[in-house]
Amino acid sequence: AYIGGASDTGYIFSVPSAGGTQNPMAETAGYNPRFITVSKVGGSDNLYFIGDDKADGTPGIFKDASGAITTVIKGGDPQAVTVAGDGTVYFLDQNGSVQKVAAGGTTATALGGSANNLPVSFPAGMALSQDDKFVLVPVTDPTNGQVIARIDVSSGASTQLAVVGLPKTNTEGGGFHRAANADVYSFVDTGAGSTGTVYLLK
C-alpha cells in the first residue's frame, strides 16, 4: 500500500505484490493519511494508518480491516505507528514519546525508557522486533549521533544500538522498517549530501 491522491485529503492505494495496476482504497478517502503499516493480527493482515478523522478533523490512528475503518485512538499528533501480533499498538507522539495502546483499548500510556529523553528522527519511523518484545526507534544521541533505541515493551528499559558506517554527524534518519521475516532493519540517512544512503541494522 502507499499514500497518494489528487485531493488535499488524499487516500491510500494498494498495489499487487507482483506489480501491476494501483487500486484506490475508497474507504480511506478524506482521512488525509500520512503514515501506513500492515500488521498480521489474529492471522489476518490489517492496515493501520495515521490520518485525520473525517468527521471532525482530529488526528488519530485508524485501522482498515477488509474495507471497514475503525478508530484506534484520536487526539495528539501521532508521527509513526507499529502493531504487534496480538493487536497492541505502539506509536510516537508529537514529542517523540513512545506510547502504547493495549489490544482493543482506547487509551494510550507512555512506554518508559531513556529513549523518550532523546530527539527522535523525523520523518519518524519505528518497528517491532520479530518476537514483538522490543520497539526500535531511530534517535539522536548528543555524543554518538544517530543511534537506534531498543525499548523492552515489558519493562520500558532502553538500550542504544550503533549502526556500522553511519557518521556521528548524521542526525536524521528517513523512516525505519523491519524485514518481513527477520530482525533486519533499514533506514535512509537524509543528511548524506542530499543523495542519501540506505543503512542496515542486523
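1. Ser39 is found in strand E4 (residues 35–41). Strands here are DSSP runs of E with at least two residues, numbered from the N terminus, while helices are runs of H or I with at least four residues. Ser39 is buried, with a relative accessible area of 7%. Buried means under 20% relative accessible area, exposed means over 50%, and partly exposed lies in between, using a 1.4 Å probe and protein chains only.

2. On the source: this is a predicted model, in which local features need pLDDT of at least 70 and side-chain atom pairs count only at pLDDT 80 or more, whereas totals for chains, interfaces and linings use all residues. Residues are numbered from 1 along each chain as its sequence is written, and side-chain values use heavy atoms, with hydrogens and water left out.

3. What surrounds Ser39, leaving aside its neighbours within four places in sequence? Ser39 is in contact with Ser44, Asp45, Asn46, Tyr48 and Val83, where contact means heavy atoms within 4.5 Å. Thr82 lies 43 residues from Ser39 along the chain, yet their C-alpha atoms are separated by 7.8 Å.

4. For the whole protein, the count is 0 helices and 18 strands. Buried residues make up 41% of the 202 residues. Of the contacts with a separation of 6 or more, 34% are between residues 24 or more positions apart. The accessible surface comes to about 9,800 Å², and carbon and sulfur atoms hold 51% of that; these areas come from the Shrake-Rupley method with a 1.4 Å probe, and for residues only the protein chains shown count as cover.

5. Strands E5 (residues 44–52) and E6 (residues 59–65) run antiparallel and are joined by 6 bridges. Two strands pair if DSSP finds at least two bridges between them. Leu47 has Asp64 in E6 as its bridge partner. The two strands form a hairpin with 6 residues between them, and Gly57 in the turn has a positive phi of about 80°.

6. E6 also pairs with strand E7 (residues 68–74), again in the antiparallel sense and over 6 bridges. Here Gly60 stands opposite Lys74 in E7. The hairpin of E6 and E7 has 2 residues between the strands, with Ser66 in the turn at a positive phi of about 55°.

7. Which strands make up the open sheet that includes E9? The sheet has 4 strands in the order E8-E9-E10-E11, with antiparallel pairing. Its edge strands are E8 and E11 (108–110), each of which pairs on one side only. Neighbouring strands of this sheet are turned by 25° against each other on average, direction ignored; for such angles, axes are lines fitted to C-alpha atoms, for helices over the stretch in contact, and values run from 0 to 180 degrees between N-to-C directions.

8. Within this sheet, E8 (residues 80–83) pairs with E9 over 4 bridges. Val81 stands opposite Phe91, and Ala80 stands opposite Leu92. Their hairpin has 5 residues between the strands, and Gly87 takes a positive phi near 95°. E9 and E10 (residues 98–101) also pair over 4 bridges, with Val89 opposite Val101. In that hairpin there are 5 residues between the strands, and Gly96 takes a positive phi near 80°.

9. How are the side chains of E9 (residues 89–92) arranged? Val89 and Phe91 point one way, Tyr90 and Leu92 point the other way, and all are buried.

10. Strand E14 (residues 145–152) is mostly covered, as 6 of its 8 residues are buried. E13 (residues 134–141) runs antiparallel to E14 and is joined to it by 8 bridges; a hairpin of 3 residues connects them. E14 also pairs with E15 (residues 158–161), in the antiparallel sense over 4 bridges. Ile151 in E14 stands opposite Val135 and also opposite Ser158 in E15. The hairpin of E14 and E15 has 5 residues between the strands, and Gly156 in the turn has a positive phi of about 85°.
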